[in-house]
Amino acid sequence: MRNIKIIDDITKDGQVTFGDGYAFVDDTAEADAILMRSTDLHGYDLPASIRAIARCGAGVNNIPIDDYAKRGVVVFNSPGANANAVKEIVLCMMVLSSRGVVQSMDWVRQNADDPDILTHAEHVKKAFVGRELKGKRVGVIGLGNVGSKVANACVYLGMDVYGYDPFISVEHAWELSRDVQRVGTLEDLCRGCDYLTLHVPSKADTVGMIGTDQLALLAPGAVLINFARETIVDEDAVDAALHEGRLSWFATDFATPKTVLMPNTFITTHSGAGTEEAEANCADMAISELKDYLENGNIAHSVNYPSCSMGKARAASRIACLHANVPNMIGQITAILAKDNANVQRMVNESAGENAYTMFDTDEHLESSTIDALKRISSMYRVRVIK
Ligand SMILES: NC(=O)c1ccc[n+]([C@@H]2O[C@H](COP(=O)([O-])OP(=O)(O)OC[C@H]3O[C@@H](n4cnc5c(N)ncnc54)[C@H](O)[C@@H]3O)[C@@H](O)[C@H]2O)c1
Ligand SMILES: O=C(O)CC[C@@H](O)C(=O)O
């Protein structure tokens, strides 16, 4: 039996199914793996029993992934599984910030007891006149799973679409409409935009990437949309731009002590991924990643270890080694196996950044002294006997 600790509400109805051979536990120290969403794990006392963590969602700035890698804990996310949900709410924010929808509905509620409300509505409606998205310039920062969908949708709406992503993947470049004009600098992207929407992860080079200088380049009365992370905008700069009317609206998914005090804001409760479909997609992807890792050692969509697959574990034994990406690890591993006279059927070694993963199948079970010797290799973080 493998034990799973669930942190956060993974789905609205609470339904999470791993199938036979799995149990849910309350005590993390009894768990083999964690299934989670947005809880901040920095400073969390992670027990040694945890071998893997799956984050239902894209952003992993809430998890100390480098530290966990060095403890032999593989962290997964669910790329793309909630991207459509975010795309839809971003489009919603573009419309809400352009058409006086909320203000007009507020007026109707406030005048609900007026028997002649139909006539009076005709008189006030000029106050809610807005502008169309068609023909307006939108800048999209980050053209990954969410940003590429937002950019393509804006093309279909007839907008003049610009995109900025120096690290765009080949896959997303292929998916992008040829009508999205890619620019090489953040400044060129911001220049003259009526709408600016952010779809980058929170990391060293994106924290505070939208500040006074970038906001100054936008068209007068532009709209800023941040459904990425609160850290990406300089909140003081956004507040000043709203007060001075340089920004007409700021739509954000992050209610912070500063954003809640700003004028002309649409603020949601980190609900960009809040659809039944996105929750189910994220949970399905995260659960299958965890199961394949726990049962077979295969890694897909990890954010701190390389992808690696040897299919189902069918040989007598399968061993996975999580270690630093340094020279001679394979030499040391095979030397230890040779001492045990172990016949390796298949071996795969993959690396990503500072971390590497070596997995092999053998004809017979290894002696426990052999496993201990593997664990003693310098720079070895963890050795798993999967089978
Ligand atoms: N509000 C929500 O509920 C919600 C939901 C999903 C994602 N998000 C946030 O949005 C982010 C993006 O999500 P995604 O699924 O598109 O992720 P993704 O990994 O598919 O795409 C991120 C893109 O940003 C690009 N990028 C990285 N650094 C950049 C930089 N300095 N300048 C420009 N581009 C850069 C990457 O190349 C990549 O293409 C997530 O990391 C998460 O923080 C929020
Ligand atoms: O878990 C959530 O609700 C939000 C997830 C979202 O921010 C993400 O990064 O995918």
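How far is the sulfur of cysteine 193 from the closest cysteine sulfur? The gap is 6.4 Å, and the neighbour is cysteine 190, so the two sulfurs are too far apart for a bond. Keep in mind that you're looking at a predicted model, where local features need pLDDT of at least 70, side-chain atom pairs count only at pLDDT 80 or more, and totals for chains, interfaces and linings use all residues. Residues are numbered from 1 along each chain as its sequence is written, chains are lettered from A and ligands numbered from 1 in the order in which they are written, and side-chain values use heavy atoms, with hydrogens and water left out.

Let's stay with the cysteines for a moment. A disulfide is a pair of cysteine sulfur atoms within 2.5 Å, and searching the whole structure turns up 0 of them. Cysteine 154 is in no disulfide either, and its nearest cysteine sulfur, the one in cysteine 193, is 11 Å away. Cysteine 154 counts as buried because its relative accessibility is 0%. Cysteine 193 is buried too, again at 0% relative accessibility. Here "buried" means under 20% relative accessible area, "exposed" means over 50%, and "partly exposed" is in between, using a 1.4 Å probe and protein chains only.

Now zoom out. Of the chain's 387 residues, 50% count as buried. The C-alpha atoms fill a box of roughly 90 × 45 × 35 Å, taken along the principal axes.

H2 covers residues 83-99 and H5 covers residues 145-156; they pack at an angle of about 45 degrees, with their axes 9 Å apart. That angle makes H2 oblique to H5. (Under 35 degrees would be roughly parallel, over 145 roughly antiparallel, 65 to 115 roughly perpendicular, and the rest is oblique. The axes are lines fitted to C-alpha atoms, for helices over the stretch in contact, and angles run from 0 to 180 degrees between N-to-C directions.)

For a strand, look at S11, residues 247-252, which includes leucine 247. Leucine 247 is buried, with a relative accessible area of 3%. Alanine 219 is 28 residues away from leucine 247 in sequence, yet the two are 8.5 Å apart in space, C-alpha to C-alpha.

Next come the rings. The structure holds 5 aromatic pairs, where rings of Phe, Tyr and Trp (its six-membered ring) pair if their centres lie within 6.5 Å; planes under 30 degrees apart are stacked, over 60 edge-to-face, and the rest tilted. Phenylalanine 18 and tyrosine 22 make a tilted pair, 5.3 Å centre to centre with 40 degrees between the planes. Phenylalanine 18 also pairs with phenylalanine 24, this time edge-to-face, at 5.8 Å and 80 degrees. Put together, Phe18, Tyr22 and Phe24 form one aromatic cluster. Phenylalanine 18 is buried at 3% relative accessibility, and tyrosine 22 is buried at 12%, while phenylalanine 24 is partly exposed at 46%.

Finally, some rings have a charge over them, meaning that NZ of Lys or CZ of Arg is within 6 Å of the ring centre and within 35 degrees of the ring normal. Arginine 137 holds its charged end over tyrosine 162, 3.6 Å from the ring centre.

Key. Helix = DSSP H or I, 4+ residues; strand = E, 2+ residues; numbered from the N terminus.
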